[in-house]
Amino acid sequence: MTFQRQPALFACATVCFALLTETNAIGNEVTSEYGVVTSRSEFASRAGTQALAQGGNAIDAIVAAGFALAVTYPSAGNLGGGGFMVIRMADGTVVTNDHREMAPNAAFRDMFLDDDGEYDPQKALRSHLASGVPGSVAGLLDVHSRFGELTREQVMAEAIRLASEGFKLPPDIARQISGRNSVWSRTSGSRKKFLKQDGSNYEEGDLFIQPDLAQTLRRIRDQGKDGFYKGKTAELIVAEMERGSGLISLEDLEDYRSIWREPIRGTYRGYEILSMPPPSSGGVLLVQMLNMLEKFNLGEMGSANPATMHVMVEAERRAYADRAMHLGDMDFYPVPIGTLTDKKYAFHRIHDLHKEKKTPSSEVAAGDLPLPQEHEETTHLSAVDAAGNAVAFTTTLNSGYGSGIVVEGAGFLLNNEMDDFSSKPGVPNQFGLLGAEANAIEPKKRMLSSMTPTIVVAKNRPILVTGSPGGSTIITTVLQIVVNVVDHGMSISESVTQPRFHHQWMPDVVTIESSGFKDETLDQLRRKGHEIRERRAIGDANTVGWVDDSVVGVSDPRNAGFASGLDSPPAD
């Protein structure tokens, strides 16, 4: 088995290297007849293609990569978080797995309000209270049990090796860890994992060995879900909760289940769109925005054109207003999915668009429906095998490194996903997203998410398998990649490397990638009334898809990811 690697082709000179502040953030593209895995970590992508080489399918590859990511990309790869997975098998079977974190039994609506009734970000983001019941292990094992072809021992072997033998810290991960010294110093488990014995920082090239995490992974390998949700690991989690007055109990862990859900399905100019249903808001909003955009000939209008950007911003404005009011865990709230994804409803929402001026967000409310929130350090993996099985997998701890609290003796970080609930209706979370009753805190409820793992199908083949981190920008990142391919005829590489922009209703600002757009384009947007705000980069869309008779994988050049592909047939 060998791996192909070559620099990604940049479609637009304006993206250029101004976006790439990490020395190893170069992006890469691979083409293979036998399957591709892309992720934020080279170690994880290689673990995935090792699974393919052993005769595994795309599900085996994504599970192997997912467990390896928990070792090599601690910022967002995780055992202590959760995520969503969209799977399309070669025979056309489509399922989604929801392993989003869940509120503990002892959670209550106002748990993040202070004595004056105001939202307390320290409680919601940096305390033991911030953690929902983790779902990642249940999700990875459930999808593997249903669709995988290798053994659990095979798909976990590389993750265990990387944890027990260690790996040399890449420069970006070393900088992230050393830059959080004060965070690690707060709890003994975090100090033990992320600081050396003498209290000094890890540096680039240091061997990073995680013996406690290796033991946790071995328990999962040997006992399956019981190796995490019961027994030693569960006891360690509860002991950590007790040290910090957290809420997760042994009963919460034992009761956790991943859920198989029907995908969000839509069409866009003849292409089939498959994405994630609630408690992800991603699939609903993606289909809703694409439905709005079908009214406009974006291909003729042109890419990165102010007229195109204006129309897309106005669609985003209206969709995010609906998100704030109508989206939540549909096991607790009657989310009007059918209406929100209906083309007639979308056309009604966009009918008042003015081509020469924006509609102020203060004048845009949620749609009048017949009725009865994450951080930039989420991460996305995509995989397609030679048979055409495809997986889009987005996973997160919420903030980078979650709550910053490592479970002592178990070696993994806790999430701070409870902040994605609406702690106080009308008060924005850490990403500026608003929420209402649909996303209020309740025991056993799953918090609303923006994660948008998505598969686009044409002629019975997955031409795009994509997703992204980025909190509220996740959905608009995926939207632009789909539009780039379908409307503007771009290659996968071009669609990923194009400059990005984002609008989310409130605040009423268009966020753009700095150095990504011409001054003339931005001036025309301002004349339409749009306020522009710049940032370094938006999203990290590791993407795979069929092109002709081969699979093409692209690592987003905005971060130090890696696309790995086989150039020889897998084992029988």
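The protein chain exposes about 19200 Å², and carbon and sulfur atoms supply 48% of that area. Keep in mind as you explore that this is a predicted model. Here is a friendly tour, from the whole chain down to a few single residues.

**Overall build**
- The protein chain contains 20 helices and 20 strands.
- Its radius of gyration is 22 Å, which agrees with the value near 25 Å that a compact globule of 572 residues would have.
- Along its principal axes, the C-alpha trace spans about 65 × 60 × 45 Å.

- Of the 572 residues, 64% count as buried.
- The protein chain carries 55 positive and 73 negative side chains.

**The largest cavity**
- Rolling a probe the size of a water molecule over the atoms shows where empty space is left.
- In this model, the largest cavity has a volume of about 110 Å³.
- Residues that line the largest cavity include Ser303, Met312, Gln480, His488, Pro499 and Phe517.
- Two helices, α15 (306-326) and α18 (474-486), each supply at least two residues of this lining.
- Of the elements, α18 gives the most to the lining, with three residues.

**Two cis peptide bonds**
- Most residues other than glycine have a negative phi, and most peptide bonds are trans.
- The peptide bond from Pro278 to Pro279 is cis, with omega near 20°.
- You can find Pro279 in the loop between β10 (271-275) and α13 (282-293).
- The bond from Met506 to Pro507 is also cis, and its omega is near -5°.
- Pro507 lies in the loop between β15 (501-502) and β16 (510-513).

**Two residues with positive phi**
- Arg269 is not a glycine, yet it has a positive phi of about 50°.
- Look for Arg269 in the loop between β9 (264-268) and β10.
- Arg269 has a relative accessible area of 32%, so it counts as partly exposed.
- Lys444 is another residue other than glycine with a positive phi, near 70°.
- The loop between β12 (390-396) and β13 (454-458) holds Lys444.
- Lys444 is partly exposed because its relative accessibility is 31%, and partly exposed covers the range between the 20% cut-off for buried and the 50% cut-off for exposed.

Technical notes:
Residues numbered from 1 in each chain as written. Predicted model: local features only at pLDDT ≥ 70, side-chain atom pairs only at ≥ 80, totals over all residues. Heavy atoms only, no water. Helix = DSSP H or I, 4+ residues; strand = E, 2+ residues; numbered from the N terminus. Rg over C-alpha atoms; globule rule 2.2 N^0.38 Å. Buried < 20%, exposed > 50% of the residue type's maximum accessible area, 1.4 Å probe, protein only. Areas by Shrake-Rupley, 256 points an atom, 1.4 Å probe, with all protein chains shown as cover. Lys, Arg positive; Asp, Glu negative; His and termini not counted. Charge placed at Lys NZ, Arg CZ, Asp CG, Glu CD. 1 Å grid on protein atoms, 1.4 Å probe; cavity = no way out; pocket = protein on both sides within 12 Å on 5 of 7 lines; lining within 4 Å. Points joined across faces, edges and corners; volume = space filled by probe spheres on them.
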